[in-house]
Amino acid sequence: MDKNISSRDGTSLTYESAGRGSPVVLVSGAMSTGATVAPLAAPLAERFRVVVYDRRGRGGSGDTAPYAVEREVEDLAALIEAVGGEAALYGVSSGGALALRAAASGLPVRRVAVYETPYAMSEDDLGERARYTERLTAALAEGRRGDAVELFLRLTGLAEDVIQGARQSPMWAGMESMAPSLAHDDAVMGDGSVPRGLLASIPVPVLSIAGAVSPAWMREAARAIAESVPRGTYRALEGQTHMVEPDVLAPVLAEFLSG
């Protein structure tokens with residue numbers, strides 16, 4: 001990341017851009033930085049000015065207490081202003097929820113694409129989200145960052161032996177350092193349900209994508225987003241999971257964002 005801007009509350013945000021054309025801002029999900037979505041920037045940069053940034057509280061960006069989802073929307077507003085005053089947004093996982101909130105808030109957004117925004121599709125899943133929020137809040141308040149990361153990994157469905165293996169890996173320290181930002185993504189997701197009222201207020205075209213071999217509930221959530229926005233389209237990518245391959249996703253995004 002080679003550039004810095006200040007958000008409305010003074011928080012420093014680091015970002016970089018590549019390519020020329022209409023700006024597209026890539027919004028990462030939980031436990032990730034701009035570097036996580038950077039592989040998608042290369043194929044898109046052939047047709048767009050692609051902006052990759054570290055969300056507040058991670059990577060090279062700062063953080064300012066108290067956190068509120070509105071501050072992250074203001075972060076996107078500052079980025080969009082810095083790259084020309086209008087942009088399209090692409091958000092992955094919980095980053096998709098942030099992109100949708102930004103579009104609903106009236107930011108100068110042309111189009112929004114999201115990949116597998118993980119809204120809960122059953123009462124059981126909503127109950128699990130509520131328990132996760134309670135336990136995550138307690139773990140972070142007590143400084144138990146490792147426990148917070150474990151809670152998140154369990155929520156994503158990772159097996160216990162895989163989680164314990166991750167604890168012993170060299171990457172664990174970096175994951176613990178990013179643990180406080182889990183509360184940010186939890187707040188962005190709200191109670192975990194599809195925010196149909198908010199989605200109904202989005203005036204721009206929205207493409208909601210899922211992997212065709214991802215769990216059924218993820219495809220259902222992606223379809224629910226497309227059905228809840230006035231100008232929504234749903235798309236399933238053959239052979240893809242939550243860890244979507246950039247070279248498969250990029251042409252689909254480019255076609256939509258060029259619209």
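The cover over the buried residues of α4 (123-141) includes α5 (145-155), α8 (182-188) and α10 (216-228). The model is a predicted one; local features need pLDDT of at least 70, side-chain atom pairs count only at pLDDT 80 or more, and totals for chains, interfaces and linings use all residues. Residues are numbered from 1 along each chain as its sequence is written, and side-chain values use heavy atoms, with hydrogens and water left out. Helices (H or I, at least four residues) and strands (E, at least two) are DSSP runs, numbered from the N terminus.

Helix α4 has 19 residues. From first C-alpha to last, α4 reaches 27 Å, close to the 27 Å expected at 1.5 Å a residue; the expected span is 1.5 Å times one less than the number of residues. Arg129, Tyr132, Leu136 and Ala139 of α4 are buried. They lie on the same side of α4, because they cover an arc of only 95° around the axis. The arc is that of the directions from the helix axis to the C-beta atoms. Glu123, Glu134, Thr137 and Ala141 are exposed on the other side of α4. Here buried means under 20% relative accessible area, exposed over 50%, and partly exposed in between (1.4 Å probe, protein chains only). Glycine 143 follows α4 and has a positive phi, near 75°.

Alanine 148 is found in α5. Its relative accessible area is 0%, so alanine 148 is buried. Beyond residues up to four places away in sequence, alanine 148 touches Leu136, Ala139, Leu140, Ala179 and Leu182. Contact means heavy atoms within 4.5 Å.

Helix α1 (34-44) was examined next. Gly34, Val37, Leu40, Ala41 and Leu44 are its buried residues. They line one face of the helix, because they fall within an arc of 120° seen down the axis of α1. Ala35 and Ala42 are exposed on the other side of α1. The buried residues of α1 pack against β3 (23-27), β4 (49-53), β5 and α11.

The largest pocket has a volume of about 1300 Å³. Of its 46 lining residues, Ala30, Ser93, Phe152, Thr156 and His242 are the closest to the centre. On a 1 Å grid over the protein atoms alone, a pocket is an open set of points where a 1.4 Å probe fits, with protein on both sides within 12 Å along at least five of seven lines; lining residues have an atom within 4 Å of a point. Grid points are joined across faces, edges and corners, and the volume is the space filled by probe spheres set on the points. Helix α4 gives the largest share of the lining, five residues. By class, the lining has 25 nonpolar, 14 polar and seven charged residues. Ala, Val, Leu, Ile, Met, Phe, Trp, Tyr, Cys and Pro count as nonpolar, Asp, Glu, Lys and Arg as charged, and the others, Gly among them, as polar.

Serine 93 lies between β5 and α3 (94-104). Serine 93 is not a glycine, yet its phi is positive, about 55°. Its relative accessible area is 14%, so serine 93 is buried. Glutamate 116, in the loop between β6 (109-115) and α4, also has a positive phi, of about 50°. Glutamate 116 counts as buried at 1% relative accessibility. The peptide bond from alanine 65 to proline 66 is cis, with omega near -5°.
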